[in-house]
Amino acid sequence: MVVTALEGVLALVALAPIAIALGASARASSIVYGACLLLTLALGILALLVLLGHASEPLAVTLPMGLPWLGAHFRIDVLSAFFLVVINLGGAAASLFALGYGRHEEEPQRVLPFYPAYLAGMNLVLLSADAFSFLVSWEFMSLTSWALVIAHHRDKDNLRAGFVYLLMAGFGTLTLLLAFGLLAGAGGAYDFDAMRAAHPTTGIAALVLILALLGAGSKAGLVPLHAWLPLAHPAAPSHVSALMSGVMTKVAVYGFIRIVFDLLGAPDWWWSLPVLTLGAASAVMGVLYALMQRDLKRVLAYSTIENIGIIFVALGLALAFKASAMNAAAALALTAALLHVFNHSLFKNLLFCGAGAVLAATGERDLEKLGGLIHRMPQTAFVFLIGATAISALPPLNGFVSEWLTFQAILLSPQLPSWGLKLMVPAVGALLALSAALAAACFVRAFGIAFLSRPRSDAARNARETDSNSLAAMYGLAALCFVAGILPGLVIDTFAPVTELLTGARMPVQGTIEWLSIVPIAESRSSYNGLLVFAFMAVTGAFAAFAIHRLASDKIRRGPAWGCGYPDAGPLTQYSADSFAQPIRRVFGTLIFSAREQGEMPEPGSILPARLTVRMRDPIWETLYAPIAGFVGYAGERLNVLQFLTIRRYLSLVFGALVLLLLVLAIWP
Amino acid sequence: MHGITFDIAHMLAGSLVLVSFIELYQDRLSALINTFAVHALVLTASVAWQAYVQDAPHLYITAIIALVFKAVIIPVSLRRIVVKLGIHREIDNVVGVGLAMLAGIGLVALSMVVMLRVTAEADPLAREDLAFALSVVLLGLLMMVTRRNAVSQVIGFMSLENGLVLAATGAKGMPLVVEFSVAFSVLIAFIVIGIFLFRIRERFDTVDVQALDRFRGERR
């Protein structure tokens with residue numbers, strides 16, 4: 001089976017030169033995206049078969065490539081199968097969307113060759129079963145996505161985004177390289193089976209944990225390693241943004257799970273501390289950043305950081321429970337994390353596709369220039385609303401289920417033996433609750449400003465509904481969000497083999513529970529039934545609508561709206577994205593972003609406009625990244641002297657280096 | 001190999017190090033060139049002795065190359081260059097003789113420590129030989145660093161090469177082609193640097209490398 005999967009990946013790689021050969025011809029984008037759609041669908045179905053237990057041999061294969069004494073190991077197990085499903089589902093949706101959206105691309109030859117290669121890279125990371133092929137595929141994935149980020153290279157901001165991304169990707173790979181090096185030990189056992197068999201000492205394990213958290217976290221966008229993400233994700237073409245945000249961050253989550261849960265062996269209780277801390281910080285900071293943004297795609301990118309935070313909180317809980325031998329609780333937390341991985345890939349893909357459709361229709365990403373699109377693009381507005389509801393974790397959609405399961409896991413924390421965790425987990429839970437509420441506000445703002453109200457620009461006024469392929473992709477994702485929301489038990493049962501592999505336990509079998517409810521631990525404690533919630537909402541909603549239409553007057557009356565006494569209320573006098581965010585900015589932003597508002601009121605009688613200026617600073621960039629950048633610049637300036645030495649001094653440098661190395665050799669024990 | 005043959009090889013290699021030291025404190029160019037000729041002669045003797053001991057006739061060719069090029073042609077032409085440039089009485093030293101000698105002693109000690117540690121299982125002659133060769137290389141580098149005149153830097157470079165040849169012949173079974181390449185590299189270096197000297201002289205009326213730095217507008 002792994003061979004078939006590899007053949008699929010090879011076909012994706014082979015698409016890249018075909019795309020180059022096709023160039024910018026009219027059919028090129030249809031051919032490439034169509035082929036990507038079919039291949040990712042096939043790979044996804046293959047992986048689903050493995051996940052459902054219909055795997056056929058061989059599941060592992062060693063190819064004579066890569067390091068000569070190692071070879072390239074590839075393997076498919078339930079964990080990689082689960083992530084393969086997520087990735088190829090996302091890839092298929094993005095490809096379908098791109099069948100329509102790709103036609104708006106100005107320079108398709110800059111996108112088409114890298115797109116299938118990028119998909120292939122992500123698949124290869126999941127199939128790799130030794131450190132060398134893992135890192136090579138990881139780097140391949142980074143580089144192809146970097147090429148896609150700078151596809152619109154004429155924009156200076158995109159180039160800067162690409163630069164920051166490249167730096168952070170290099171940093172991430174470096175830490176993963178070190179992590180694998182420590183895992184492999186002095187013997188250099190680089191295949192995963194050998195790493196799993198070896199038991200690292202406590203100190204080494206701690207180092208590996210930190211390095212894996214840094215490496216995978218920088219790719220996933222954990223605060224404070226997220227700096228590249230809100231720059232790079234919006235810079236790429238929208239279907240690639242969807243893949244990067246919805247799918248590639250999941251590859252990073254996979255890397256973390258693979259190293260920490262699978263390769264590193266039995267955890268200590270304190271392993272969960274850094275994971276929980278960074279996860280909670282990402283959740284809150286991500287959503288606060290998202291609320292402050294005006295750029296629609298950047299809002300979505302920051303919201304990805306929030307969701308990654310939620311996933312890492314659930315993973316941290318799973319680690320804590322696993323270390324305390326509470327396997328059932330660990331399975332619950334891990335299921336919550338996996339379910340959120342799955343759900344987030346669905347609705348983030350959907351939302352980025354929606355943002356892409358808006359971008360294609362209006363040419364605008366700035367929320368302050370959108371508005372009223374629900375009249376112009378009713379179908380896009382509908383699916384975007386579903387995505388926004390799902391990501392805001394409102395029942396009966398899927399986002400609610402995974403966040404609810406996470407909170408169920410948090411509620412189990414008093415049973416943990418360690419006092420540190422007993423005190424910390426409720427605090428993390430409070431932060432998570434705060435971020436969930438803020439996320440809802442964030443998406444009310446995004447949807448309300450972009451789709452409701454009156455158009456704020458001509459571009460928004462003249463927007464057209466997007467094409468049928470894009471709509472099909474978005475409807476498909478919305479339908480999956482809905483199904484996963486009302487039938488979560490089905491999805492949870494599908495994941496059970498993964499939790500069994502990693503925690504040795506699973507959640508109770510959900511398929512046998514009556515009325516399609518889900519129960520995290522036992523029916524006596526808590527249960528949730530998405531179908532029932534949906535039925536209730538549908539019935540009460542229908543009843544209310546019926547009652548209003550029947551009992552109240554059903555005549556439509558049109559009249560002028562009261563304009564607060566102002567004669568001409570232009571579109572710019574409406575509630576804006578900034579004004580929506582103002583209360584939250586005043587509560588949180590003053591402290592975190594040191595936001596300062598400055599009002600400028602003209603004298604009475606003056607015809608100058610009144611002004612309100614808001615200044616915000618990015619605390620993480622200024623305290624963490626700017627000093628490092630400054631130091632590198634300073635060191636570069638100092639070392640520049642080395643370019644202009646005399647011949648004798650160069651010789652002295654060589655001589656000194658030689659003597660130093662010989663001294664080291666002489667002194668080394 | 002044992003007894004007298006070992007002792008003679010040891011003595012010749014040791015003399016090469018000794019001559020390197022002598023080079024180090026020659027601050028007049030003509031004396032330096034003479035010492036370099038002696039250096040090459042000792043090398044020739046050492047290589048020839050190795051050829052005899054190892055019963056490797058191709059090493060005689062190496063010895064002849066060393067004799068003809070390094071002991072005769074190069075010193076003679078360098079002397080002519082120096083006389084032509086009128087700098088044969090020039091004194092050239094950046095650091096004092098005492099300091100340079102101390103540094104040289106330190107380097108020899110370092111190379112002994114390193115080589116004797118690293119090659120614990122090797123053939124004793126090869127060990128000693130390699131340690132001496134490394135000393136010669138390091139002393140040549142030291143000379144290049146402590147001199148300012150281009151001619152003495154050339155000589156430092158070529159005594160460094162002598163050290164390499166010593167190392168190459170000390171190890172058994174070194175193919176001839178390597179020695180040829182070493183000899184040719186020396187020759188090419190000599191030609192290139194010789195041409196350089198004249199060009200520098202034409203432009204700046206001196207072969208003091210400092211003049212070049214002044215020309216580039218460097219701060220010292």
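This is a predicted model: local features need pLDDT of at least 70, side-chain atom pairs count only at pLDDT 80 or more; totals for chains, interfaces and linings use all residues.
Two residues are taken to be in contact if their C-beta atoms, placed from the backbone, lie within 7 Å. Among contacts in chain B between residues at least 6 apart in sequence, 71% join residues at least 24 apart. Chain B is built from eight helices and zero strands, and its pattern along the sequence reads α-α-α-α-α-α-α-α. Of its 220 residues, 41% count as buried.

The axes of helix α2 (residues 29-54) of chain B and helix α6 (residues 150-170) of chain B come within 10 Å and cross at roughly 10 degrees. Angles under 35 degrees count as roughly parallel, and α2(B) and α6(B) are therefore roughly parallel to each other. On the α2(B) side, the residues making this contact include B:Leu29, B:Ile33, B:Phe36, B:Ala40 and B:Leu43. On the α6(B) side, they include B:Val151, B:Ile155, B:Met158, B:Asn162 and B:Val165. An α-helix has 3.6 residues a turn, so residues three or four places apart point the same way. By class, the contact of α2(B) with α6(B) has 12 nonpolar, eight polar and no charged residues.

The two chains also touch each other. Their contact takes 12 residues from chain A and 13 residues from chain B. The side of chain A that touches chain B has nine nonpolar, two polar and one charged residues.

At 1.5 Å a residue, its 24 residues should span 34 Å, and the end C-alpha atoms are 34 Å apart, which agrees. After α2(A) comes A:Gly53, whose phi is positive, near 90 degrees.

Most residues other than glycine have a negative phi, and most peptide bonds are trans. A:Ala325, in the loop between α12 (296-323) and α13 (327-362) of chain A, has a positive phi near 60 degrees. A:Ala325 is exposed, with 11 other C-beta atoms within 10 Å. A:Ser453 also has a positive phi, near 60 degrees, and lies in the loop between α17 (419-451) and α18 (458-461) of chain A. With 18 C-beta neighbours inside 10 Å, A:Ser453 counts as partly exposed.

Cis peptide bonds are found here too. One runs from A:Val223 to A:Pro224, with omega near 5 degrees; A:Pro224 sits in the loop between α8 (202-220) and α9 (229-235) of chain A. Another joins A:Pro395 and A:Pro396, with omega about 10 degrees, and A:Pro396 is in the loop between α15 (378-391) and α16 (398-411) of chain A.

Definitions and conventions: Residues are numbered from 1 along each chain as its sequence is written. Chains are lettered from A and ligands numbered from 1 in the order in which they are written. Helices (H or I, at least four residues) and strands (E, at least two) are DSSP runs, numbered from the N terminus. The expected span of a helix is 1.5 Å times one less than its number of residues. Ala, Val, Leu, Ile, Met, Phe, Trp, Tyr, Cys and Pro count as nonpolar, Asp, Glu, Lys and Arg as charged, and the others, Gly among them, as polar. A residue is buried if 20 or more other C-beta atoms lie within 10 Å of its own, exposed if 12 or fewer, and partly exposed in between; C-beta atoms are placed from the backbone. Axes are lines fitted to C-alpha atoms, for helices over the stretch in contact, and angles run from 0 to 180 degrees between N-to-C directions. Angles under 35 degrees count as roughly parallel, over 145 as roughly antiparallel, 65 to 115 as roughly perpendicular and the rest as oblique.
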